[in-house]
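Here is a short report on one protein model. Keep the structure open as you read.

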Amino acid sequence: EPLAGPPAEPPAHVAMPALPEPPPEPPVAALKAGLRAVFRIGFDFNSARIRPESQAVLDRIGAVMTAPEAVNARFRIIGHTDAAGRDAANLKLSQRRADAVADYLAQRHGVRRDRLDTAGKGAREPLLPETPKAAENRRVEIVNLGG
């Protein structure tokens, strides 16, 4: 038979210490270290408009590019497409994607445009060669060229 007694008091609120910032995601760490980093910057099919969910990734990249230790570094932004469509159209589209990323970083984060070299590779260097029309092939690579 349970003991009857005064109702239990609710537990007191305990202040939890703030969690440390998570480490940067591997591509951002690679970019900071001067390595080639592949970012899944999402683009709709046949579009150079940066998808909203990719803006958070670009915001982290912008923070790396504007950090004091990277202030003189230059970066190459390389756009890619999937294999749907003609080669000439894909080359133009991949260049527009690279330019869209460079413009975003310049406008939103103040990265000087002369620090950002852009190039379009079309469908010539697929991330997934076995599935050339996969959405994963629609991407942007960013390479730290150093200062």
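Asn-46 is exposed, with a relative accessible area of 55%. This is a predicted model. Asn-46 sits in the loop between β1 (36-39) and α2. Its phi is near 60°, a positive value in a residue other than glycine. Most residues other than glycine have a negative phi.

Next comes helix α2, residues 52-65. How far apart are its end C-alpha atoms? They are 20 Å apart. At 1.5 Å a residue, the 14 residues should span 20 Å, so the two values agree. The buried residues of α2 are Ser-54, Val-57, Leu-58, Ile-61, Gly-62, Val-64 and Met-65. They cover an arc of only 150° around the axis, so they lie on the same side of α2.

Met-65 is also one of the residues that Arg-115 touches. Arg-115 is in the loop between α3 (87-109) and β3. Is Arg-115 buried or exposed? Arg-115 is buried, yet it has no salt bridge. Two distances describe its surroundings.

| From | To | Distance |
|---|---|---|
| Arg-115 | Asp-114, nearest side chain of opposite charge | 6.1 Å |
| Arg-115 side chain | Val-71 backbone oxygen | 3.5 Å |

Beyond four places away in sequence, Arg-115 touches Met-65, Ala-70, Val-71, Asn-72, Ala-73, Arg-74 and Phe-75.

Strand β3 covers residues 116-120 and includes Gly-120. Leaving out residues up to four places away in sequence, Gly-120 touches Gly-79, Leu-91, Ser-94 and Gln-95. Gly-120 and Ser-94 are 26 residues apart along the chain, but their C-alpha atoms are separated by 4.5 Å.

Terms used:
Residues are numbered from 1 along each chain as its sequence is written. This is a predicted model: local features need pLDDT of at least 70, side-chain atom pairs count only at pLDDT 80 or more; totals for chains, interfaces and linings use all residues. Side-chain values use heavy atoms; hydrogens and water are left out. Helices (H or I, at least four residues) and strands (E, at least two) are DSSP runs, numbered from the N terminus. The expected span of a helix is 1.5 Å times one less than its number of residues. Buried means under 20% relative accessible area, exposed over 50%, partly exposed in between (1.4 Å probe, protein chains only). The arc is that of the directions from the helix axis to the C-beta atoms. Contact means heavy atoms within 4.5 Å. Lys and Arg count as positive and Asp and Glu as negative; His and the chain ends are not counted. A salt bridge is a side-chain nitrogen of Lys or Arg within 4 Å of a carboxyl oxygen of Asp or Glu. A polar contact is a pair of N or O atoms within 3.5 Å; within protein, one must be able to donate a hydrogen and the other to accept it, and residues adjacent in sequence count only if both atoms are side-chain atoms.
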